[in-house]
There are 2 protein chains.
Amino acid sequence: LGKELAAPEVAQALDKKLSQLPSNQRTSFLVPRNGDLPGTDPSLAPGDEECTYLVGNSLGLQPARTKQLVIEELDKWAHLGVNGHFTGNRPWMPIDENVIEQSAALVGATKSEVAIMNSLTMNLHLLFVSFYRPDGKRKKIMYEASAFGSDYFVFESQARIHGLDPKEVLLPVQARAGEELLRTEDVVKAIEAAGDSLATVCFGTVQYYTGQYFDVAAITRATHKVGATALWDCAHAAGNVDLKLHDWEVDGACWCNYKYLNSGPGAIGGFFVHSKHHGKGLPLMAGWWGQKQATRFNMEHNWDPEADAGAWRLSNPPVLQTVALLASLEVFARTSMAELRGKSMLLTAYLEFCLSDLFGADLSVITPAEPAARGCQLSLKFSEAEACLATFGALEKRGIVVDHRKPNVIRVAPAPLYNSFRDVQHFCTAFREALNEAAEPAKKRAKA
Amino acid sequence: LGKELAAPEVAQALDKKLSQLPSNQRTSFLVPRNGDLPGTDPSLAPGDEECTYLVGNSLGLQPARTKQLVIEELDKWAHLGVNGHFTGNRPWMPIDENVIEQSAALVGATKSEVAIMNSLTMNLHLLFVSFYRPDGKRKKIMYEASAFGSDYFVFESQARIHGLDPKEVLLPVQARAGEELLRTEDVVKAIEAAGDSLATVCFGTVQYYTGQYFDVAAITRATHKVGATALWDCAHAAGNVDLKLHDWEVDGACWCNYKYLNSGPGAIGGFFVHSKHHGKGLPLMAGWWGQKQATRFNMEHNWDPEADAGAWRLSNPPVLQTVALLASLEVFARTSMAELRGKSMLLTAYLEFCLSDLFGADLSVITPAEPAARGCQLSLKFSEAEACLATFGALEKRGIVVDHRKPNVIRVAPAPLYNSFRDVQHFCTAFREALNEAAEPAKKRAKA
Ligand SMILES: Cc1ncc(COP(=O)(O)O)c(C=O)c1O
Ligand SMILES: Cc1ncc(COP(=O)(O)O)c(C=O)c1O
């Protein structure tokens with residue numbers, strides 16, 4: 001069945017159905033050509049054709065307008081010098097105002113709950129400064145046992161900064177023996193068991209490795225029940241799934257804008273603090289940009305912060321990074337996360353269907369099967385690391401850009417904003433070829 | 001005498017003397033035209049002529065190569081997608097390696113002591129995390145009473161984060177009654193008096209308002225004598241004066257790259273940790289980018305940091321910001337801070353000479369008179385705020401870009417890298433006109 005579904009005509013028909021919807025923003029992006037990519041084989045991937053880019057979970061594609069917006073700011077700098085701070089199109093002083101509203105819409109926040117600043121790991125630390133306040137017995141940090149390395153380093157170093165022994169403080173939640181995914185019920189039970197020893201729970205909203213989309217609402221609710229704070233790293237969730245950070249009562253969250261948000265390598269970060277925490281004098285690392293605009297430049301030593309998430313800002317905003325984000329948000333503004341999520345569920349289901357006959361002992365999907373419990377990404381797990389790497393190499397030759405995660409996982413992420421059924425179909429066809437090629441290296445070598 | 005020195009022929013002759021030196025990099029920068037600036041009067045400042053840009057202390061000019069380098073990275077992203085991290089010219093993963101060595105040279109550091117990351121205020125907080133470790137009696141933070149607002153907010157919020165009352169912890173050093181500048185001897189005495197109650201001393205290396213260049217070596221030495229740590233905010237010093245952060249045994253320092261370092265609005269920040277503190281396990285806010293490159297992507301929960309200042313990095317580097325800095329450093333690489341400092345002392349002395357007959361009760365220079373105790377900036381103080389603002393407006397009409405600081409100071413900063421004696425001469429001529437115009441508003445209005 002998979003093979004038949006992956007016929008070009010099926011993909012074409014599905015794309016046609018979607019082509020008129022605003023969620024179809026493929027043409028708003030620059031797609032690399034096969035010939036420009038390292039490792040492509042021109043006999044397998046015509047050099048002047050677009051590659052099959054399924055790695056928006058790592059680095060999103062460049063919006064067609066990015067270059068123009070960046071050049072506009074460079075020209076403003078060249079022509080106006082320091083006057084660009086207060087004059088011209090998009091004055092720099094409040095330039096982040098151009099990206100707050102749309103960012104908030106994407107993560108299910110109100111405008112006042114979002115700041116655009118710094119980078120992901122930095123912002124996660126800043127959330128810990130405000131929301132991880134170990135006090136007596138209440139000092140534990142709960143997180144996924146397979147958390148992204150950088151997030152783990154945040155947890156561990158935060159414990160150290162407070163003079164605590166990480167071994168006593170860190171509380172990883174493990175999947176059940178033989179399972180890859182965490183069950184919500186197990187997480188909730190772990191939270192209840194930790195009880196008033198628990199200070200903070202921090203998970204990746206969509207798990208980078210498995211693609212599991214956690215039940216943020218349930219886990220946050222359980223966290224609050226024991227009196228702890230809930231922080232969410234939305235790196236793999238923002239622009240991928242329809243977050244409702246405000247409604248879910250998440251205390252704080254952060255995300256990066258270089259994955260599904262398409263704002264380029266090392267893009268500016270996103271930051272969320274729930275409105276219930278605004279104006280409460282939470283400890284934070286203060287800077288002049290958190291000060292009210294009206295008094296910000298008075299240089300008085302009188303901390304008078306913005307009444308919202310803006311209070312967490314520290315420095316004058318990085319202009320090029322901010323407009324790179326703007327270029328992407330302009331595209332998102334033509335559709336909505338709700339619509340994109342709908343399309344995304346179809347795309348990923350199609351990907352799963354088209355490969356379904358291949359799944360068994362040698363190859364499996366570790367991502368949850370329920371669409372509500374995953375984003376766009378499927379993580380394909382090989383029984384053998386070598387076969388995984390060889391398949392990855394064979395895909396590369398065919399102009400398929402996916403992502404290999406040590407030791408034996410290939411992550412495939414059809415980004416809702418620009419990927420098509422055709423992309424998925426291309427991937428599936430190439431994947432079959434790649435599996436064969438990887439299985440028959442000797443035969444291949446003889447042919448060559 | 002001032003007037004005569006400010007004759008165009010004198011400036012021209014001086015510029016000619018310098019024109020062959022590598023410190024003359026004027027043509028490597030894009031200078032705004034009068035006609036593009038808000039507030040210029042075409043009858044006083046011909047629209048197609050370059051303006052007189054003397055505000056590199058606020059936002060440096062754009063290097064001519066910046067746009068090309070930024071576009072190269074955008075094109076790489078468009079053509080290579082995620083592959084840009086490891087392939088192509090200047091792979092993104094280690095892209096900061098392109099800006100470390102030259103940055104280190106500019107601040108008198110070894111390569112291993114510098115990281116390029118985040119923003120200024122953020123980096124100052126990160127230094128406090130590592131170097132401000134209040135312990136029992138030792139908890140005070142000493143700083144200039146007139147510190148830049150953002151720096152003050154760092155001091156105050158750091159006290160709060162440690163659960164301390166800012167009133168008990170903050171120790172501002174005041175200038176003597178009737179004086180604008182801090183005397184080194186007074187600072188040293190204050191440090192000695194604070195003794196073992198002192199945890200950290202943090203000053204702006206070149207004071208943003210007065211332009212005073214503190215005796216970093218002497219203050220740092222005194223700080224260490226009482227067992228405290230010395231942190232320096234080099235915002236107005238980097239690219240302006242010849243810093244020797246390593247030799248002076250400064251513990252930690254940070255700077256911004258948008259002033260004398262010409263890397264654009266909201267440029268990436270600079271960060272210094274002295275080599276004597278490397279590999280000592282100081283508390284820090286950890287992230288995967290502080291991990292050794294060889295193990296960074298293994299996702300193991302095993303903190304194994306770089307053995308140098310790189311350990312303080314948190315996130316993958318912002319590519320556009322990094323190459324914007326690179327474009328400027330390429331220009332600096334053609335000369336040296338020692339050479340630039342020599343030229344700068346002459347330029348600023350010339351500025352002072354050319355105005356000297358104007359100084360008196362109504363107008364004075366608050367910047368130190370000794371060249372060694374100031375950078376390129378002179379701060380002109382008016383007895384009346386109104387006259388100051390009117391003069392500033394009259395300068396603007398004449399295409400002179402300087403900076404007005406409430407209530408009654410105009411800061412004039414001939415940047416050593418691109419400003420000329422001609423710029424200074426233009427300023428001085430326009431300043432005399434502006435003073436007259438400001439003094440005779442009624443007459444002016446009648447004429448118009
Ligand atoms: C002395 C000093 N400290 C701090 C800052 C704040 O810089 P940022 O907004 O880059 O954090 C500035 C900015 O001009 C400054 O001059
Ligand atoms: C889940 C997660 N956390 C943290 C990071 C680190 O991001 P940054 O380098 O932007 O701090 C990443 C990067 O991919 C990530 O996916």
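1. Salt bridges overall. Across all chains, the whole structure holds 53 salt bridges. Keep in mind that this is a predicted model. Side chains of opposite charge can pair when their charged atoms come close. Some of the pairs deserve a look one by one.

2. A:Arg341 and A:Asp242. These two side chains meet in a salt bridge, at 3.4 Å from N to O. The pair links distant parts of the chain, 99 residues apart. A:Arg341 sits in helix H11 of chain A, residues 337–355. A:Asp242 sits in the loop between strand S8 (229–233) and strand S9 (252–256) of chain A. How exposed are the two partners? A:Arg341 counts as buried because its relative accessibility is 4%, under the 20% limit. A:Asp242 has 24% relative accessibility, so it counts as partly exposed.

3. A:Glu437 and A:Arg398. Here the closest N and O atoms of the salt bridge are 2.8 Å apart. A:Glu437 belongs to helix H13 (residues 421–439) of chain A. A:Arg398 lies in the loop between helix H12 (385–397) and strand S13 (400–401), so the pair ties together parts that are 39 residues apart in sequence. A:Glu437 is buried, with a relative accessible area of 11%. A:Arg398 counts as buried at 11% relative accessibility.

4. B:Asp96 and B:Arg313. This salt bridge is in chain B, and its closest N and O atoms are 2.8 Å apart. B:Asp96 lies in the loop between helix H3 (66–80) and helix H4 (97–107). B:Arg313 lies in the loop between strand S10 (269–273) and helix H10 (319–332). The pair therefore ties together parts that are 217 residues apart in sequence. Both B:Asp96 and B:Arg313 are buried.

5. A network. Salt bridges can also link up. A:Glu72, A:Glu73, A:Lys76 and A:Arg90 are joined in a network of them.

6. How many disulfides does a search of the whole structure find? Take A:Cys428, which is in no disulfide. Its nearest cysteine sulfur belongs to A:Cys354 and is 4.5 Å away. A disulfide needs the two sulfur atoms within 2.5 Å. A:Cys428 counts as buried, at 0% relative accessibility. B:Cys256 is in no disulfide either. For B:Cys256, the nearest cysteine sulfur is that of B:Cys254, 9.0 Å away. B:Cys256 is buried too, with a relative accessible area of 1%.

7. How the chains are related. Two copies of a chain are related by a rotation about an axis and a shift along it. The same surface serves both copies, as 100% of the contact residues of chain B recur in chain A.

8. Ligand 1. Where does this ligand lie? Ligand 1 lies between chains A and B. The residues around it include A:Trp288, A:Ser315 and A:Asn316 from chain A. Among those from chain B are B:Phe148, B:Asp151, B:His236 and B:Lys259.

9. Polar atoms at ligand 1. An N or O atom in the side chain of A:Trp288 is 2.7 Å from an oxygen atom of ligand 1. For the side chain of A:Asn316, the distance to an oxygen atom of ligand 1 is 2.9 Å. On the chain B side, a polar side-chain atom of B:Asp151 lies 2.9 Å from a nitrogen atom of the ligand.

Notes. Residues are numbered from 1 along each chain as its sequence is written. Chains are lettered from A and ligands numbered from 1 in the order in which they are written. This is a predicted model: local features need pLDDT of at least 70, side-chain atom pairs count only at pLDDT 80 or more; totals for chains, interfaces and linings use all residues. Side-chain values use heavy atoms; hydrogens and water are left out. Contact means heavy atoms within 4.5 Å. Buried means under 20% relative accessible area, exposed over 50%, partly exposed in between (1.4 Å probe, protein chains only). A salt bridge is a side-chain nitrogen of Lys or Arg within 4 Å of a carboxyl oxygen of Asp or Glu. Helices (H or I, at least four residues) and strands (E, at least two) are DSSP runs, numbered from the N terminus. A residue is near a molecule or strand if one of its heavy atoms lies within 4 Å of it. A polar contact is a pair of N or O atoms within 3.5 Å; within protein, one must be able to donate a hydrogen and the other to accept it, and residues adjacent in sequence count only if both atoms are side-chain atoms.
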